[in-house]
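Notebook open, structure loaded. I'm jotting down what I look up as I go.

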Amino acid sequence: MTTETEHVDSVKTYAVVWIALLILTALTTGVAYIDLGPFSVVVALTIAVCKMLLVALFFMHVRHSTKLTKLVVLGGLLWLAILLSLTMADFATRSWIGA
Amino acid sequence: MTTAVAEERETYLNAGHGVKSWLLTKDHKRIGLLYLFTITFFFFIGGVFATLIRLELLSPHGNLVSSETYNKLFTMHGVVMVFFFLIPSIPATLGNFFLPLMIGARDLAFPRINLLSWYLLVIGGLFAIFAMVAGGVDTGWTFYTPYSTSYSNTWVIATALGIFVAGFSSILTGLNFIVTVHRMRCPGMTWFRMPLFVWAHYATALIQVLGTPVLAVTLVLVLCERMFHIGIFDPALGGDPVLFQHLFWFYSHPAVYIMILPAMGVISELVSTFSRKAIFGYGFVAFSSVAIAVLGFLVWGHHLFVSGQSLFAGMVFSFLSYFVAIPSAIKVFNWTATLYKGSISYATPMLYAFGFIGLFTIGGLTGLFVACLGIDVHVTDTYFVVAHFHYIMVGGAIMGYLGGLHYWWPKITGRMYPEGWAKLSALVIFLGFNLTFFPQFMLGYLGMPRRYHVYPDEFQVLHVLSTAGASVLAVGYLMPLIYFMWSLKYGAIAGRNPWKATGLEWQTDSPPPVHNFDEIPIVTREAYDYSGTVGQEVQVG
Amino acid sequence: MVSEPHVESLALREQFNSAEQQKDASSLGMWVFLITEVMFFGGAFAAYTVYRSIYPGVFGAASRTLNTTIGALNTAVLLCSSFTMVLAVRAGQLGRRKQIMAFLVLTLILGMVFLGVKGYEWNEKYVEHHIPGPSFQMEGPGLQDHAQLFFSLYFAMTGLHAMHMLVGAGLLSWLLYQTWRGKFSAAYYTPIDMVGLYWHFVDIIWIFLFPLLYLIDRHGH
């Protein structure tokens, strides 16, 4: 038997994560009304990443998972980053040289 | 001794009878054969379109079909060949059949999903066939916007839906392979004892899983745009058609490696078996597959050099594209090094392997030409590009596919194909291929644009040569179809291991039993270990 | 260790050697599937990123027409459904059939509430003529044309998300039926686990859609 699959978290752990998610939702909504200039995007996405980590690590049990599962998750995010960054490498530099 | 037993024992072929036992099978070997029939069917449909294209190009005045019809011909040739033949070709047939056998597993991890993926390909194919019969589609296989979304009056929606559905077939195959390689290897089958065919399919599966969903969502956006005119790729509403090209090539460039990587896996098996030597630099060849899969995702912008992409992005993509040459060259050099001092036999599969290495090298090197910003401006959308990717897709992928099919035919059917005819067809295909596509390099360099059927008279000689080559090629492709069917009844009984090869697939009966192995094997040696007396050992198995 | 072909059961299909191997394979398969979903939504996120960078002002103005309060409350509803889902998985781990049923029903209800609210929001867009197409109306410089892009992406992304929610609701209903039939126990609850992963994933997509569509341009200019 693997240790991974048999791990049962307590209801309390899940409840704490759940409350934290609700607080972060309130926080991100509230912060949106404060003018942070370009940083409002950064703050909103940072909070979203935190929420994603909470859901993935606790609700999706990534913290008890094998290294392979963690690698799959990281790989997926890396590929998303490739798609976004190389696409933006075009659109963000259209005005640099000539047309 | 084995021949007498072969008539009576239960194999995957005689374990169940009737249409239902095939259409509801969960056996990866039977599903592999279902795929084989399906893609052979699509190969000949695509071939008919190719024939009509080449006939039209015999004369420079476009007097066989109208321009509208010609647009549909090259579009449907591309759609059928890329999405319904090449993408599923090796992985879904040979991969499906042999990946579990080669790692000592009873089946893929998810047999039901495997069957589902075949049905998805068939359903997608029916959409595409419907589109062809209803009137065809004329956007080019690339579906560039805004033509595909706003202007084309042909069956774009049905075709795109077909490709969308077939895409999920490819995704599920890849998913199944990844999980199978990670979780289903038999005792002793470590990662670095796996045959390179399995490594190549693992790398292919990564691309299928990471790339295809982006094509799927892009097609969804194209469909929305075409049906509701929501503006995402429409300049009139501020949309940018180049975004479509980014998303499309994010999948479709790596898709070329979905076609070529499995062929490279086949070639590794062939070169080793018929040189009676372990592959030179096993680890390098294994990792070069993964490297090609990864690098393949960083270079898609080289399809956009003249489409309005920023010059900076063009330079970045051009630079990154050269890196693909490194793992590709590693493979070619290591196959060549494997031949050195090998005990080479010239059986048909090996002829295909030689053909692959030569043609892939030409295709790969011309790939460097078109990856170069300056040269690409000159040859973009010319026959130079057409010739380049046909050297990869036909000279590479199909040579690998046919080589693999000949190599494993005895295992699949239990019968040998006729060696003389097979050698002849390999030769005919090689000659026909070069006669078809080498003139196209010259045509392209001289300025003949792709997708035109009316052209200046001075190009006619080269076009006639190309069409002549295509006729030879067609004969070469028809020959295996005939003698493979002939061999089912009249071929010599193959026995377990006609090539005296090392892989696990050769240690079980031909054709294999339902659960592949009477007893799950235990691996104690590296792949391609030809140092011992292999020939005797396999008889014991 | 190496077993002969064995009698097939739900927890041990014939191609596997042990229930543990099967469970590992299912889990890996599900995660790989979720990665394909990341890339699927990734294409839409890429389109959003590109057009927001080209038309920041227009996207801001269009974004500010969305109702943040409703969006935030709906986000909370979805997070609650993830909480009940994880409790259903936990009940599966412990083999408590009645708890599984209860939490699955709660998850399903919360999911339906989310979709209902989403439907109300879409209807608001219809009333305000913010659905892209001939009837689209938005006052302001450049808004009549380019704001349609924002709403096209809004509908495409929330629409794809809602379709995933519907699939999830279908899966939950199927799980309920299977639980009711007594298919699951502490020894075999893999389907609950897998649907749980899917449900949480759909939640994560919304966790990003909410700030990107509703929040980041909220403050005035």
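This is a predicted model: local features need pLDDT of at least 70, side-chain atom pairs count only at pLDDT 80 or more; totals for chains, interfaces and linings use all residues.

Started with the domains of chain A: 4 residues of domain 1 touch 4 residues of domain 2, where contact means that C-beta atoms, placed from the backbone, lie within 7 Å. On the domain 1 side I count 2 nonpolar, 1 polar and 1 charged. My classes: Ala, Val, Leu, Ile, Met, Phe, Trp, Tyr, Cys and Pro are nonpolar, Asp, Glu, Lys and Arg charged, and the others, Gly among them, polar.

Residues are numbered from 1 along each chain as written, with chains lettered from A and ligands numbered from 1 in the order written.

Domain 1 of chain A runs 1–65 and domain 2 runs 66–99; the bounds come from an automatic or database domain assignment. Their C-alpha centres are 23 Å apart.

Next, the A–B contact: chain B puts in 14 residues and chain A 13. On the chain B side, α12(B) gives the most, with 4 residues. I sorted that side into 9 nonpolar, 5 polar and no charged.

Helices here are DSSP runs of H or I, at least four residues, numbered from the N terminus. Its buried residues (20 or more other C-beta atoms within 10 Å of their own) include B:L462, B:G469 and B:F484. They pack against α3, α16 and α17 of chain B.

Technical notes: Two residues are in contact if their C-beta atoms, placed from the backbone, lie within 7 Å. Helices (H or I, at least four residues) and strands (E, at least two) are DSSP runs, numbered from the N terminus. A residue is buried if 20 or more other C-beta atoms lie within 10 Å of its own, exposed if 12 or fewer, and partly exposed in between; C-beta atoms are placed from the backbone.
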